[in-house]
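Hello,

Please find below the structure I promised to pass on to you. My notes on what turned up in it follow directly after.

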Amino acid sequence: MASKSEPRRWRKPHFYWWTLANVIAACLAVLSWVLCLHVFGHPEIPKNYEILKKLGRQSPGVGFDLQEAPPGEAADPRALYRRYADLDEASTARLNRALMRNYLTSLGELGLIQYVEGDFKVTHVRRLDEGDLFSDGFAVRARAMVRPDEFTEAAPWPVTLDYLFPTRNSVAADWFQPGDTLHVAKVPNCAMLLHVDRDTSGDSPLVQLTVVPIATGEYQVGTNHRFTIIAPEELNPGCRFPVFPTEAAPEEP
């Protein structure tokens, strides 16, 4: 008696495997394209910036001759306080990401360029290190001083300025002393807003601004000292902000 033959197993046609291979390749291509857009489009994310550094595709630090510095709005401490004192946390975080991204992409978005102006009284000075945006240089913290009217002496305003000076002259940090006046003007300083913080522990918000000069060249300190501002070579977008510890915040007047 003949045994029953086993049922014939159905085999997938060759075009099935060809189609599957093409679908997988297309998915990988789309995924690679999306990842590339994410990495190159968001260098403010530390992991993305590290990838760009390994690929040698990170942008150099920003530095212009004064005559070639990009246009931008300038604002004094009063205007800056009105603009940022009541900004909510989510909006502040979005703004800071956009400001850092713009700085790391050579200021491609001119609408984000905001220059700071005004008179500020120096309260703290420290040299920068590896945990900062760049390590060659120093930072000066100063409190805004505003004259309510032409007949009144300047008084502290609830705005602080952390001014990052990129320079190889480390001695220049000693030329800024607490109590000195730091006069900041759009020309020649080009001190561009880089980060916004708010301290809400007091009766009214304290706006803490971080700026970096984008015009290279000599900076005059008093009548006897000068140092050279450079374009930073190594950047660290995962740096800490504000650049001074909390205990360095100036006391309320």
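I begin with the second largest pocket, whose lining divides by class into 5 nonpolar, 3 polar and 2 charged residues. Please keep in mind throughout that this is a predicted model. The volume of this second largest pocket comes to about 150 Å³, and the residues around it are Glu 44, Ile 45, Asn 96, Arg 97, Met 100, His 195, Pro 237, Gly 238, Cys 239 and Phe 241. Helix α4, which runs over residues 89-104, provides the largest share of that lining, namely 3 residues.

Is His 195 buried or exposed? Its relative accessible area is 12%, and because the cut-off for buried is under 20%, His 195 counts as buried. Leaving aside residues up to four places away in sequence, His 195 touches Asn 96, Leu 99, Gln 208, Leu 209, Thr 210 and Phe 241.

At its N-terminal end, α4 is capped by Asp 88, a side-chain oxygen of which lies 3.1 Å from the backbone nitrogen of Ala 90. Just beyond the helix, Ser 106 adopts a positive phi of about 60°. The buried residues of α4 are Ser 91, Thr 92, Leu 95, Asn 96, Ala 98, Leu 99, Met 100, Asn 102, Tyr 103 and Leu 104, and the elements that cover them include α2 (46-55), α3 (77-84), β7 and β8 (206-213).

The largest pocket, finally, holds about 380 Å³ of space. It is lined by 20 residues, and those nearest its centre are Pro 188, Asn 189, Glu 218, Tyr 219 and Gln 220. At least two lining residues come from each of β6 (181-184), α5 (186-189) and β9 (217-221), with β9 giving the most, at 5 residues. By class, the lining of this largest pocket consists of 11 nonpolar, 7 polar and 2 charged residues.

With best regards

Key: Residues are numbered from 1 along each chain as its sequence is written. This is a predicted model: local features need pLDDT of at least 70, side-chain atom pairs count only at pLDDT 80 or more; totals for chains, interfaces and linings use all residues. Side-chain values use heavy atoms; hydrogens and water are left out. Buried means under 20% relative accessible area, exposed over 50%, partly exposed in between (1.4 Å probe, protein chains only). Contact means heavy atoms within 4.5 Å. On a 1 Å grid over the protein atoms alone, a cavity is a set of points where a 1.4 Å probe fits but cannot get out, and a pocket is an open set with protein on both sides within 12 Å along at least five of seven lines; lining residues have an atom within 4 Å of a point. Grid points are joined across faces, edges and corners, and a volume is the space filled by probe spheres set on the points. Helices (H or I, at least four residues) and strands (E, at least two) are DSSP runs, numbered from the N terminus. Ala, Val, Leu, Ile, Met, Phe, Trp, Tyr, Cys and Pro count as nonpolar, Asp, Glu, Lys and Arg as charged, and the others, Gly among them, as polar. A polar contact is a pair of N or O atoms within 3.5 Å; within protein, one must be able to donate a hydrogen and the other to accept it, and residues adjacent in sequence count only if both atoms are side-chain atoms.
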